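Please keep the sequence and the 3D view at hand while reading the points below.

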Amino acid sequence: AGLGIAVLPSIPAEIPQCAGCSQHILDKFILKVLDRHWHSSCLKCADCQMQLADGWVNSAPLAACPCRRFGTKCTACQQGIPPTQVVRKAQDFVYHLHCFACIICSRQLATGDEFYLMEDGRLVCKEDYETAKQNGRTSSSCFVMQG
């Protein structure tokens, strides 16, 4: 019996390379984020270095990062909003529940409350807007009535 030499084929081109370490990904799972492939251990936040593969929530790994650099931010406080947290929305603006409040009286606005939305995303309850309008301190052109 003779000795045979086995020639191993080179790694096929269809096996993706990891954007983090440039090695071919031979794992059971291949992560694809921002149109790039990653090993689960290589997908990390550029700011805090947390491995994001362990924190996938609602298929949004970048929103699961504790530093919240890439996730949704509250219009009022500019802090990150975890994907599992209940929010309030006004047009294209998103708020924590406790941040969805009048900038004048600080009263938290609830479903059904009438308020004015300023162009920069600040909120004013109807009562404070009407008072400011009577005192000539506001222009109705910078508000949108919500209800």
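The count of salt bridges comes to four, where a salt bridge is a side-chain nitrogen of Lys or Arg within 4 Å of a carboxyl oxygen of Asp or Glu. The structure is a predicted model, in which local features need pLDDT of at least 70 and side-chain atom pairs count only at pLDDT 80 or more, while totals for chains, interfaces and linings use all residues. Residues are numbered from 1 along each chain as its sequence is written, and side-chain values use heavy atoms, with hydrogens and water left out.

**Salt bridges**

- Side chains of opposite charge can pair when their charged atoms come close.
- One of the salt bridges joins the side chains of R122 and D120, with 2.8 Å from N to O.
- Both partners are partly exposed, R122 with a relative accessible area of 39% and D120 with 43%; the term covers values between buried (under 20% relative accessible area) and exposed (over 50%), found with a 1.4 Å probe on protein chains only.
- Through salt bridges that share partners, R107, D113 and E127 are joined into one network.
- Helices (H or I, at least four residues) and strands (E, at least two) are DSSP runs, numbered from the N terminus.
- The relative accessible area is 34% for R107, 22% for D113 and 49% for E127, and each of these residues is partly exposed.

**Aromatic pairs**

- A search of the whole structure finds three aromatic pairs; rings of Phe, Tyr and Trp (its six-membered ring) pair if their centres lie within 6.5 Å, and planes under 30 degrees apart count as stacked, over 60 as edge-to-face and the rest as tilted.
- Among them is the edge-to-face pair of Y95 and F100, with 5.2 Å centre to centre and 70° between the planes.
- Y95 is buried at a relative accessible area of 1%, and F100 is likewise buried at 4%.
- F100 also forms an edge-to-face pair with F115, with 5.3 Å centre to centre and 85° between the planes.
- F100 lies in the loop between β4 (93-96) and β5 (115-118) and F115 in strand β5, so this pair ties together parts that are 15 residues apart in sequence.
- F115 is buried, with 6% relative accessibility.
- Y95, F100 and F115 form one aromatic cluster.

**Cysteines**

- A disulfide is a covalent bond between the sulfur atoms of two cysteines.
- How many disulfides does a search of the whole structure find? The search finds zero, the criterion being a pair of cysteine sulfur atoms within 2.5 Å.
- C18 is in no disulfide, and the nearest cysteine sulfur, that of C42, is 3.7 Å away.
- C18 is buried, at a relative accessible area of 3%.
- C77 is in no disulfide either, and the nearest cysteine sulfur belongs to C74, 3.8 Å away.
- C77 is partly exposed, with a relative accessible area of 29%.
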